[in-house]
Amino acid sequence: MTEEKRYPEKPEKVYYFGTCLMDLLYPEAGLAGMQLIQREGVEVVFPQDQTCCGQPAWNSGYRVEAIRVARRQLDCFNEDYPIVVPSGSCAGMMRHQYPEMFKGNTDELRANTLAGRIFELTEFLVHVLKITLEDLGSPVKVALHTSCAARREMGVATEHEALLKQLSNVEILEQSRKEECCGFGGTFAVKHPAISAEMVSEKANAITATGADTLISGDCGCLMNIAGHLEYQEKQIDSHHIASFIWERTHATER
Amino acid sequence: MQQSAEFHTRVEHALANGQIKASFRSAMDGLMAKRKAAFPDTEALEILRLHGAQIRANSLSKLPELLEQLEMNCHKNGIQVHWAESIEDANNIVLTIMQNHQADLLIKGKSMVSEEMELNQFLEQHGIECIESDLGEYILQLAGEPPSHIVAPAIHKSRQQIAHLFNEKFPDIPYSDDVDRLTRNAREILRKKFYAARVGLSGVNFAVAETGTLCLVENEGNGRMCTTVPPVHIAVTGIEKVVEKLEHIPPLLKLLCRSATGQTITTYFNMITSPRKLGEKDGPEEIHLVLLDNGRSRIYEDDELITTLRCIRCGACMNHCPVYARIGGHAYGSTIPGPIGSILEPQKAGLDKLGDLPTASTLCGACAEVCPVHIPIPKLLNRLRYERTRNDHAGATLGQSSGRTVMEAGTWKGWSWVHSQPRLYRLAMYIITRLRKLLPQRIGPWTQVRKAPHIAPKTLHELALKEGFNDK
Amino acid sequence: MTNNARDAILQRLQNSQPSFDNSDKPVSVETPEWPIKERIEQFKSILESVRAEVHLAHPDHWTDTLKSLAKKKQLNNLLYAKKGPLGKMIEDSWDNTEQPVLVNNEGPISEWKESLFFHIDAAVTSSRAAIAETGSLVLWPTEHEPRSWSLVPPVHFVVLDANKLYNTFAEVVEHEQWQQDMPTNALLISGPSKSADIEQTLAYGVHGPTDLIVIVLT
Ligand code: SF4
């Protein structure tokens, strides 16, 4: 990303966009993200009418269908609060694709203003909330898989790492070819299962080879893909969304 | 979906072949590392990429004027310019030149456009022998295979395979799988061809409008041979290769060499501006430039898709593509493989023929991250997916709507219907979470290598309400 | 056919000229500049990294260097341009009985192609300029030093005046105003001929010279 990123002062309130995958598969991670923000003294608003950013259809070429869903999201975030998204992929969609989707259309302005208020969770924690974490957990070795959207579209790979590095009992082990895609790619995994299988198995092997106890990712798509494969292979590796991992290790009452 | 079946067969064939995977994986790892080392200063690289993108975009924005200027300057310098709408036209132009010179042997430098034209097959039907002189291309010609990479065409072949191939074709030369020995053998065989050929053919990396100069980038010297030794030189190129000014060449050359192989510069940079002048002792007496359209002007019509034409064919996008690294170049079934092939080729051949290619990507963005001229490849892949499935027949892309199926369209309609009605969505998610134990644990290809995802007992919507997070 | 094709293609392009912004604002690309000593160092080290030889010599005695290198390579003959910029010095310093034998031929290559292709061991040419950043020699072949001399014989000696060593390619093009008058053929040569087409393994001397030997006059 060549544009200079600008971050606002710490706000009183934020919106939270939970993403459809989290809603159904990782709600506790979604909640953890909200709790992390709330703990920093910021009120989190979760509009109940949110559904999905529209990316699955958009990336499959079904634009009319995608726009219909995306437009419904525009209605949910009318106030001027920052919108925090615990996924590089969905954040990238809303920040970078929405302006394209609604170009030349009556909702263009709304889409553009919304796009400008989108922050991926880790960048929000690091740059806006300037969070400091105290690690209450026991020593653990982790491997971090940063999603392609988080790394390239949102440019927040360093923020993911920075947060984990604040946790004193967490050792990050680096897998080989860590920048490479895990092979999820939404409908790609269904349309081209053989290539996807090849990619996810190599990714999973690289992660197992590090000797890590836990796999962490900031994106549920990758998590579902890699962890699904690790489980299929009956590998003894835990997997966590970065939000729930951080929350559980820094949340006093749970320990 | 004939094309899908064929594509999947080729993919499976590639994935099942351990050697293909091993060759590509290690070669691509090497090329990525070399590129990285060639651009130690990321900030300088970003500036240079912007510069490269700007040069190419500007040249494209003036393309018709620049083509006329190029033609005018070429004429002034004595280069004959031919225009070809289609590959048939281009092939016939080359054939006529060959026939005018009663030439039955064409010595060729590396040219992806001639691959696009399938020139060798065409000329051979007319009794003309074509010899590829780039080492990699020559190996492939012996093997009867197309290139699998635009910069390193024979990357899929092992040294031993090449050694056996040479031994089979030239039984008189003692068997050797030593790279130096193999190279020397090829040198000796091809030297005789350079010596004998009356016509040489090359591609063009950049054509400079302001001077009428054809630029060629290469390491082996075969490109120089083809354009220096035979009395006639034919250069074939796509119409998009024009660059406005000579001063634009140094930055593009730097981007091209470093992005492609991590070289500071290639061994030879060959700038050809005219045929042999009076008193000069060598060089072709005649130069022909063939400008090929073959669908490029259609790509040019679209303000977004036009960025495809910026490409300077460095191959960095394929070197960095996780899909290409696994299936190799042949699986694509197109002249140019990899990410750039997946956007360029379906636009040229039609989405009805190559519409699968844009779907064979995770949109991971590794290609766009390295492309020296900032082609937004994932965005264009996405766009072509749309062109392939849209049903309003309002775009200009060839083979539009050809990939739309009732099943798929119906699925997305249903998805859209649920996700654009929040109450319905919440109800649907409520039901799914409550019935999660009853849902199938095998879901198509997903669970062939993965366990099914675990659906939570309650949705985030519910948890947020329960934990007292406000809705407004 | 061609004319129709020409008009049709141009017409289509004109009808659909894009509406995107074409910013002409120049991007400021930083170009390296080295003082002469470092420039030579840079030039030398880049060329050596691609297996070329670079030797520094005094402008009055460079033929000694040429001679001893040619002897070491055990060359039988050496092609030189009698009427070229180096001709006189080479002739003056060469003893007729010495190896390699000096060869000169001012005729069109087609008349002695066989000997050039199969019997000449080495050629020596001058160089118009050079580029430090990329370790490149700039050659504009002339009627005395034709372009195949730097290509066909297995060994190519190049004599370069260090004063003609520029920092970058862009600098040469700009300084010498190439766009005003391009020669028939302008070449950048940055090493011996090479290929990595077999298993990414470098091999030298594919079609052009196996040895590129540069003598820099300082
Ligand atoms: S698309 Fe970009 S990266 Fe790919 S070959 Fe073309 S210029 Fe290189």
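Modeller: One term before we start: contact means heavy atoms within 4.5 Å. Also, this is a predicted model.

Biologist: Okay. How many residues of chain B are in contact with chain A?

Modeller: 68 residues of chain B are in contact with 70 residues of chain A.

Biologist: What area is buried between chain B and chain A?

Modeller: About 6,400 Å². Carbon and sulfur atoms give 60% of that area.

Biologist: Which helix gives the most to the side of chain B that touches chain A?

Modeller: H20(B), with eight residues. Helix H20 covers 406–419 of chain B. Other helices of chain B supply at least two residues each, including H1 (2–16), H2 (18–38) and H21 (422–434).

Biologist: How does that side divide into nonpolar, polar and charged?

Modeller: The side of chain B that touches chain A has 30 nonpolar, 18 polar and 20 charged residues.

Biologist: Let's step back to chain B by itself. How many helices and strands are there in chain B?

Modeller: Chain B has 22 helices and 10 strands. Its C-alpha trace spans about 90 × 55 × 45 Å along the principal axes. Of the 472 residues in chain B, 63% are buried.

Biologist: What share of the contacts in chain B join residues at least 24 apart?

Modeller: 72%, counting contacts between residues at least 6 apart in sequence.

Biologist: Where does chain C come in? Which pair of chains shares the most contacts?

Modeller: Chains B and C, of the two pairs of chains in contact. Chain A and chain C do not touch. Their nearest C-alpha atoms are 14 Å apart.

Biologist: Give me a residue from chain C. Is C:Lys194 buried or exposed?

Modeller: C:Lys194 counts as buried because its relative accessibility is 6%, and buried means under 20%. C:Lys194 lies in strand S10 (residues 194–195) of chain C.

Biologist: What does C:Lys194 touch?

Modeller: Residues of both chain B and chain C. Among them are B:Asn219, B:Glu220, B:Gln263, B:Thr267, C:Val50 and C:Tyr204. The side chains of C:Lys194 and B:Thr267 are joined by a polar contact of 2.8 Å.

Biologist: Now helix H3 of chain C. Which of its residues are buried?

Modeller: H3 runs over residues 62–72 of chain C, and its buried residues are C:Trp62, C:Thr63, C:Thr65, C:Leu66, C:Lys67, C:Leu69 and C:Ala70. They pack against several elements of chain C, including strand S1 (53–57), helix H4 (87–93) and strand S12 (211–217). Just after H3(C), C:Gln74 takes a positive phi of about 55 degrees.

Biologist: Back to chain A. Into which domains is it divided?

Modeller: Domain 1 (13–128) and domain 2 (140–250). The C-alpha centres of these domains of chain A lie 22 Å apart. The contact takes 28 residues from domain 1 and 23 residues from domain 2.

Biologist: What do the two domains of chain A bury between them?

Modeller: About 2,100 Å², with 69% of it on carbon and sulfur atoms. On the domain 1 side, A:Tyr26, A:Arg39 and A:Thr122 lose the most area to domain 2, together 23% of what that side buries.

Biologist: How many salt bridges across that domain interface?

Modeller: The rule finds zero salt bridges between domain 1 and domain 2 of chain A. Across that interface the rule does find 12 residue pairs in polar contact, both at pLDDT 80 or more.

Biologist: Which element gives the largest share of the domain 1 side?

Modeller: H5(A), with eight residues. The residues of domain 1 that touch domain 2 of chain A divide into 13 nonpolar, 11 polar and four charged.

Note on methods
Residues are numbered from 1 along each chain as its sequence is written. Chains are lettered from A and ligands numbered from 1 in the order in which they are written. Side-chain values use heavy atoms; hydrogens and water are left out. Domain bounds come from an automatic or database domain assignment. Buried area is the accessible area (1.4 Å probe) that two parts lose on being put together, summed over both. A salt bridge is a side-chain nitrogen of Lys or Arg within 4 Å of a carboxyl oxygen of Asp or Glu. A polar contact is a pair of N or O atoms within 3.5 Å; within protein, one must be able to donate a hydrogen and the other to accept it, and residues adjacent in sequence count only if both atoms are side-chain atoms. Helices (H or I, at least four residues) and strands (E, at least two) are DSSP runs, numbered from the N terminus. Ala, Val, Leu, Ile, Met, Phe, Trp, Tyr, Cys and Pro count as nonpolar, Asp, Glu, Lys and Arg as charged, and the others, Gly among them, as polar. Buried means under 20% relative accessible area, exposed over 50%, partly exposed in between (1.4 Å probe, protein chains only). Lists of a residue's contacts leave out its neighbours within four places in sequence.
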